[in-house]
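Thank you all for coming.

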Amino acid sequence: MAVPKRKLSRSNTRHRRAQWKATGVQLVPVMIDGVSYRVPQRLVKAYERGLLRPEG
């Protein structure tokens, strides 16, 4: 594990942390029973196989 040689100041720590940003879920249109739904891309196969039911 990497160990810092010296203590990082509070200002530098907060500036570094401020650069991180969460990204939204990528929604993909999927046809289920003739109706188009927008579902997360990583769950498309589960919706197509009927393991999950779309809401709405």
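This is a predicted model: local features need pLDDT of at least 70, side-chain atom pairs count only at pLDDT 80 or more; totals for chains, interfaces and linings use all residues.

Read along the sequence, the chain runs α-β-β-α, that is, two helices and two strands, where helices (H or I, at least four residues) and strands (E, at least two) are DSSP runs, numbered from the N terminus. Residues are numbered from 1 along each chain as its sequence is written, and side-chain values use heavy atoms, with hydrogens and water left out.

Along the principal axes, the C-alpha atoms fill a box of roughly 60 × 25 × 15 Å. Of the 56 residues in the chain, 14% are buried, where buried means under 20% relative accessible area, exposed over 50%, and partly exposed in between (1.4 Å probe, protein chains only). If we take contacts (heavy atoms within 4.5 Å) between residues at least 6 apart in sequence, 0% of them join residues at least 24 apart.

Let me turn to the strands. S1 and S2, the latter covering residues 35-40, pair in the antiparallel sense over six bridges, pairing being assigned if DSSP finds at least two bridges between two strands. Within this arrangement Pro29 has Arg38 of S2 as its bridge partner, and Ile32 stands opposite Val35 in S2. The two strands form a hairpin with two residues between them. Asp33, which lies in the loop between S1 and S2, has a positive phi of about 55° although it is not a glycine, and at 78% relative accessibility Asp33 counts as exposed.

Which residues make up the largest nonpolar core? There are five in all, namely Val30, Ile32, Val39, Val44 and Tyr47, a core being a set of buried Ala, Val, Leu, Ile, Met, Phe, Trp, Tyr and Cys residues joined through side-chain atoms within 4.5 Å. The elements that give two or more residues to this core are strand S1 (27-32) and helix H2 (44-49).

Val30, found in strand S1, is buried, with a relative accessible area of 5%, and, leaving aside neighbours within four places in sequence, Val30 is in contact with Val35, Ser36, Tyr37, Val39, Val44 and Glu48. Val44, whose place is in helix H2, is also buried, with a relative accessible area of 16%, and by the same exclusion of residues up to four places away, Val44 touches Val28, Val30 and Val39.

Finally, how far apart in space are Val44 and Val30? They are 14 residues apart in sequence and 7.2 Å apart in space, C-alpha to C-alpha. For Val30 and His15, by contrast, the separation is 15 residues in sequence and 40 Å in space, again C-alpha to C-alpha.
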